[in-house]
Amino acid sequence: MKNQAQYKDEQNLLEQLRTLSVKGNHLQGLKVLRNYLRTHDTPSVALQLKEPFMLYHIGKTVEAIKIYKKILRGNNDFLNALIFLGRTYARLEKDKAVLFAKVAYDINPNLVTANNLANMFDVLGLWKEAEETYRKTMKYVQRPEDKFVIQSNLASCYDRQKKSEKAIYLAQKLLESKYATMEQFAFPVKILKEILNKKKKLH
């Protein structure tokens, strides 16, 4: 069992890793994490999951899958590992990627697993299923900021399908929201602005 100091250390590290991830510094994040893991024997599952997450984002897909599977074998609370294992398989085996995303949703249907399944369909170019699942995800939304994220994903989905009118309409609407000015939504806002920039080029 962790004492209060260890718990605080882990929370600080998780926040540091989140910040590095947002900035795209996944290799640096991996180095920071592995330095910590070398001197700590019982990291939390949340922290364990960060290693394959960072590996995935620097292109080391096979190594990431091995670690996700190890976490799945060693923990009863494996839902996050299942979600990210599916995302990692998206680079290698489409059928397995969808399967893991569906299993995670079936085990615990909620905002996170529904959005993950929609993302999976979206990444793999299964547009009809992606749109339907993003809409289904809306029934799990309880906070307006979550609605902002899901609708941003849907706008991106429209854009990838070349459904320009729908993408632009939704992007404009979302960029008028107060959430478009908040730092934690910098990535979806960047994508929404890119959608509008395409509109300017068309004119």
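Me: What makes W127, A130, E131, Y134, R135 and T137 in α9 the residues that meet α10?

Reply: Contact means heavy atoms within 4.5 Å. By that rule, these six names in α9 meet I150, N153, L154, C157, Y158 and R160 in α10. The helices are DSSP runs (H or I, at least four residues), numbered from the N terminus. The model is predicted, and local features need pLDDT of at least 70, side-chain atom pairs 80 or more, while totals for chains, interfaces and linings use all residues. Residues are numbered from 1 along each chain as its sequence is written, and side-chain values use heavy atoms, with hydrogens and water left out.

Me: Why is α9 called roughly antiparallel to α10?

Reply: Helix α9 (residues 127–137) and helix α10 (residues 144–160) pack at an angle of about 165°, with their axes 10 Å apart. Angles over 145 degrees count as roughly antiparallel (under 35 roughly parallel, 65 to 115 roughly perpendicular, the rest oblique), and so α9 is roughly antiparallel to α10. The axes are lines fitted to C-alpha atoms, for helices over the stretch in contact, and angles run from 0 to 180 degrees between N-to-C directions.

Me: What is the angle between α10 and α11, and what are the two called?

Reply: The axes of α10 and helix α11 (residues 164–175) cross at roughly 155° and come within 8 Å. The pair is therefore roughly antiparallel. Residues F148, Q151, S152, L154, A155, Y158 and D159 in α10 meet K166, A167, L170, A171 and L174 in α11. This contact divides into 8 nonpolar, 2 polar and 2 charged residues.

Me: How do you know that the span of α11 is close to the expected one?

Reply: The expected span is 1.5 Å times one less than the number of residues. For the 12 residues of α11 that gives 16 Å, and the helix reaches 16 Å from its first C-alpha to its last.

Me: What makes α4 mostly covered?

Reply: In helix α4 (residues 50–57), 7 of its 8 residues are buried. Buried means under 20% relative accessible area (exposed over 50%, partly exposed in between; 1.4 Å probe, protein chains only). The buried residues of α4 include F53, M54 and L55.

How values were computed: Nonpolar A, V, L, I, M, F, W, Y, C, P; charged D, E, K, R; others polar.
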